[in-house]
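Subject: Structure handover

Hello,

Here is the structure I said I would pass on.

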Amino acid sequence: MEKLPGGVLSNIFIRLLAKQLTQMRLVCKTWNALLSESSFIKSHLHHSIHNNNNKKKKDDEILLFFEKAIIDYFSSTGPLTARSCGSPRLEVSNFMKLELPIDPQHEKQKPMINVVGSVNGLICFSYVSKHGYFIRIWNPSLLASLTLPRSSLSDQTHHPYVWFGFDPKTDDYKVVEVSSSFFFLKPADRETQPHPQVDVYSMRKGSWESASQRIPSHIKMFLYRDDVCVDGRIHWLCVTDLEGNPRTIVTFDLGAMTLGDEIPLPDSVIDCGRWCMSDLGVLGGKLCVMSRCIKHYECNVWVRDDRDSWVKHHLFSQFNARITPYGFTSHNEFLFLLDHSPRFALYDPIAATTKTFKIKTMTRPLDRLKIFNYIDSLVWIPPAATQLSSVS
């Protein structure tokens, strides 16, 4: 096989799992060079995403459920539960375990972990131990992980808000931190304090940099679970009134490291006022708003089109407002939590079928869970800066 042309080898290798390809790199220098090329890594990623989007393989799609939890109480899989869309009632066996560079038994206080986000197979999470506050990037396909250097916001009294995204223009994965101390001040005290600082970590550069702009003063609060990254921009659902209304979507361009124009919510969502609960998501690669009108007992999904307008794509009238939307899978199946119960539901709008299942968690409320599609991926940072775990 070593004498086969590179194009033939690439066509074979691209169909293999990342873990297998990591082992293949050890066979010879030629294979290692081929499998380490950025063009091959991108092609393998696109093949994995295409497989995830293949309707014939939608039952093979894996959802990862993460919860904010105290490490000492972890189950055998830690804060991570994996379920296939085909059989969501059954947990995927022998799925990789999330590992930390700390031993909970040697900690005076039980360490706390919180998953931030996931992009192209990379998962970002933060944790607090006796040594302080840290952020870590993990690729479960490669069993590779990296602890980021501490930022200028790491030692503040209140830990910063953290987000994770990908900038396609620079082919870079970035972590964004926003100082949270400002939001804990009394309204009168905020007028004399500087607006929240924004720091950005570039995986390509391996360093932090402060953005030139700060969060504007009219933003009173981030709705922490409601953030998505679309086309190199992180979108935050924010509160502009201390009573919780109205809300706006603030955007941050990862490439330019600047705040973009704010996006108003759909008119009907604004008109519904305090009776409407909203969540951000991604549907078909576009930003969407999932709104639940408690007054009219309906759930609507609005998608931001190419003309920067909101278009209603779904009206889930069969589900009353007592649900918590989590978003859509890569096959556009609607995932939501049935309120006041430990049950989730996965709804296929084309087949008009619903699968319900339970997730065992140690934290309440259940809507503090974060859920991502699992993507088999070779994506990583330059080898000189990696901290790789052994591949078994």
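Predicted model: local features only at pLDDT ≥ 70, side-chain atom pairs only at ≥ 80, totals over all residues.

Overall make-up

The protein has six helices and 25 strands. It consists of 392 residues, and 51% of them count as buried. If you take the contacts between residues at least 6 apart in sequence, 50% join residues at least 24 apart.

Helix 3 covers residues 29-36, and its buried residues are W31, L34 and L35. Looking down the axis of helix 3, these fall within an arc of 90 degrees, so they line one face of the helix.

Helix 4 runs over residues 38-53, which makes 16 residues. From first C-alpha to last, helix 4 reaches 22 Å, close to the 22 Å expected at 1.5 Å a residue. Which of its residues are buried? They are F40, I41, H44, L45, S48 and N52. Viewed down the axis of helix 4, the buried residues lie within an arc of 140 degrees, and therefore they line one face of the helix. The face of helix 4 turned away from the buried side carries H46 and H50, which are exposed.

Nonpolar cores

The largest nonpolar core has 36 residues. Within this core, the residues that touch the most other members are I137, F164, Y173 and V175. What does Y173 contact, leaving aside its neighbours within four places in sequence? The list is L45, V119, N120, L122, F164, G165, F166, Y201, S202, M203 and V379. L45, one of these contacts, is also among the buried residues of helix 4. F164, another contact of Y173, is itself one of the residues of the core that touch the most other members.

There is also a second, separate core of 20 residues, which includes W163, V176, F182 and A211.

Cavities

The count comes to two cavities of 30 Å³ or more. The largest cavity has a volume of about 50 Å³. Its lining is made up of Y133, F134, I135, L148, P149, R150, S151, S154, E177 and W208. Strand 6 (residues 132-139) supplies the largest share of that lining, with three residues.

Regards

How values were computed. Residues numbered from 1 in each chain as written. Heavy atoms only, no water. Helix = DSSP H or I, 4+ residues; strand = E, 2+ residues; numbered from the N terminus. Expected span 1.5 Å × (residues − 1). Buried < 20%, exposed > 50% of the residue type's maximum accessible area, 1.4 Å probe, protein only. Arc of directions from axis to C-beta. Core = buried A, V, L, I, M, F, W, Y, C linked by side-chain atoms within 4.5 Å. Contact = heavy atoms within 4.5 Å. 1 Å grid on protein atoms, 1.4 Å probe; cavity = no way out; pocket = protein on both sides within 12 Å on 5 of 7 lines; lining within 4 Å. Points joined across faces, edges and corners; volume = space filled by probe spheres on them.
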